[in-house]
Amino acid sequence: MRKGIIFKGKLLPLILMLPQLAITGIFFFWPAGQAIWSSLLREDAFGLNRDFVGLENFAEVLADPTWREAAQNTAVFALSVAVLALSAALLLAVQADKAIRGSGLYKTLLIWPYAVAPAIAAVLWLFLFHPQIGLIGRALNAAQIAWDYRLNGGQAMLLVIIASAWKQVSYNFIFFLAGLQSIPRAVLEAASIDGARPVRRFWTIIFPLLSPTSFFLLTVNLVYAFFDTFGVIHALTQGGPAKATETLIYKVYVDGVENLNLGASAAQSVILMIIVIAMTAVQFRFIERKVHY
Amino acid sequence: MLRRTLARSAAALTTAALVANRRAVAQGAPVELQFWHGLTQPLGGMLEQIAADFNNSQQRYRINATYRGGYAETMVAAIAAFRASNAPNIVQMFEVGTATMMAATRATKPVWELLQQTGVNINFDDVLPGIRGYYSLPDGRMASMPFNSSTAVAFYNKDMFRKGGLDPEAFPKTWQAVAEAARKLKAAGIAAPMTTSWPTWLMVEQFSAIHDIPLASKGNGFGGLDAELTINNPLMVRHMQNLIDWHKEGLFRYGGRDNAADGLLPSGECAFTFASSGTRARILKEAKFEWGTAMLPYYDDAPNAPLNSIIGGASLWAMNKGPGAGRSEAEWKGVAEFFAWLAKPEVAAKWHTDTGYLPLTRSGYEQVKATGFYKQNVGADVPIEQMLRGGGVLTENSRGIRLGGFPEIRNIIQEEMERAFQGQQDARTLLENATRRGNVVLRNFERANRA
């Protein structure tokens, strides 16, 4: 085997890498470093009094029952969003991949929700499910089903899960569709000739061959549910009622921006950063082994 | 070539700017003052009009009034700007941010000091006591400039009162009578007779003031940062338990936090609501029925009830530029002159009648009364009369609230109320939890702001 071409000197590669390094440094390492530094301080909102308190903020956050509640909410929320968004997208992708009339139109329409901003998406759902002004909300109440997500925590959670998952279905759909189209037709035809029914073909051929896509999407969806759903929650429930839909990222916002408790908020975001790094590492290390490429 | 052109034009621009600047200084160009506010339209436009009138009235100062999002966003924006040494000269701060601003002594200049330093005179003696008390130091010196103050009142649907066989001209005075009225309305087929906006402000803060019971020790926090919540008291427990029971019975509808319930009365869903007096404009616009305004109810077996209600709304704070950056004398003077403009009787009266916010002074109220305004706008004087209820003499409990981190405490109480309405806890647990969690906020604030 021939050795690859080796560039002489270190300057050129460094210069070529510089833009990327600069972006990573400015937009990731710098703010992350600032968050770590703030998490070790206790200061007033105006930054006039500042104390170095070591890990005290972390100890307080971890001992705080409302933080643990938010962690539980986040687990329920992220898992539900990922499962719902992935399964719905897979179902839709499999259907749209079939030779049906107007499949191009379906595909286009299914991709649209991805272009909707989270806050707008939330408002759309609000217009559907608001107990006073929402179409479905009013219908539910008229049918004697007590629907009020502003007081019922379970209903509130359900609503933010559905709204967040709906936003993510389009993204997953594109990837699943691409994954489906890259499966060789010959394999499927051979299976058909052997007498395998569609369901069996799906579970024994399509699903395993889709696993790299699914694995990638699982990671992306969990990260989405952890971080990008702030807008949906903020517009729909503001973390309420009684903190029922307060996820970790939302709590970071509430404590930092609303309550001006910067140390606690920074400590929480550092913990969140560690959780997500760990989660991604675990996914790549353990789950990836089971994936057929 | 391109580079040279760029460099040359940059140089030209700099020179032009310098020249312009020098010329401006020579001609005595107005001192630019930034004023950040948190009022949406149409109120924000009216506020900006006041600033424009001030600018037109003189040449020396120019107030740039800009909208920075709601109250909470404006507060956060001003604080962030201060940390970046770019704070506005004046910021509008909601009443619950008062303690936070006051504790940041290096970030703000109290109004009394501002006036003393600049030699501008504003007479605060005549300001409505409830407004004055809220924004002054324990010794009576003003900390911030009162601007848009509201209070809370009851609004009710007279048509529904008729339907329920109640007197449409007499809203029940006591909570006992309120419950009875709600039962009658319920029997007449109104699914959710009663609701409230701003659950904490109405049912805890106003309630405590009206009944002359302390919300926190140290005179509701006026006496120092080491105050503790005292909301876990028998009368408060009784009232919360009533609300929880009424909610269960279907008499009371929890309409959400802050002003989320504002729409329930005008839409015809609820027969009466307790809300900010500023909701009047919305009800005027949206309600398609006959409605009335009334004072907040009370328990008549409480010894000192009813006292005056307390205010909401916002005041104006004069801010320093940043932790290490000061302001020129001219800037402070301009801020003081603008505050004096706001306190002028005709400006204050116009603001009051245009917006429905409380008049600033008692004499201003009398003047407006003399014009017959309240005869044409029935009910517009109820909030003012309620502010003067109990003789207009404030007690330690009806003066206002001065607690650090109070926006957070408000949310904590709302959360615990939500838990109770969900059936997870009773009134005693609600108030115990709220007190415990609220005190943590107070201790954190005390620690972060120790001198």
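A pocket is here an open set of grid points with protein on both sides within 12 Å along at least five of seven lines, and a residue counts as lining such a pocket when one of its atoms lies within 4 Å of a point. In this predicted model, the second largest pocket has a volume of about 520 Å³. Its lining is made up of 22 residues, and those closest to the centre of the pocket are A:Pro31, A:Gln34, A:Ala35, A:Ser38 and A:Ala266. At least two lining residues come from each of four elements of chain A, namely α1 (11–39), β1 (41–43), α11 (248–258) and α12 (262–287), and the greatest contribution is that of α12(A), which supplies eight residues. When the lining of this pocket is sorted by class, 14 residues are nonpolar, five are polar and three are charged.

In chain B, helix α3 comprises the 13 residues 71–83, and the distance from its first C-alpha to its last is 19 Å, which is close to the 18 Å expected at 1.5 Å a residue. The buried residues of α3(B) are B:Thr74, B:Met75, B:Ala78, B:Ile79, B:Ala81 and B:Phe82, where buried denotes a relative accessible area under 20%. Because these buried residues fall within an arc of 160° when α3(B) is viewed down its axis, they line one face of the helix. The packing partners of the buried residues of α3(B) are β1 (31–37), β3 (90–94), α4 (98–103) and β11 (312–319), which likewise belong to chain B. After α3(B) comes B:Ser85, a residue with a positive phi near 55°.

How values were computed
Residues numbered from 1 in each chain as written. Chains lettered and ligands numbered in written order. Predicted model: local features only at pLDDT ≥ 70, side-chain atom pairs only at ≥ 80, totals over all residues. Heavy atoms only, no water. 1 Å grid on protein atoms, 1.4 Å probe; cavity = no way out; pocket = protein on both sides within 12 Å on 5 of 7 lines; lining within 4 Å. Points joined across faces, edges and corners; volume = space filled by probe spheres on them. Nonpolar A, V, L, I, M, F, W, Y, C, P; charged D, E, K, R; others polar. Expected span 1.5 Å × (residues − 1). Buried < 20%, exposed > 50% of the residue type's maximum accessible area, 1.4 Å probe, protein only. Arc of directions from axis to C-beta. Contact = heavy atoms within 4.5 Å.
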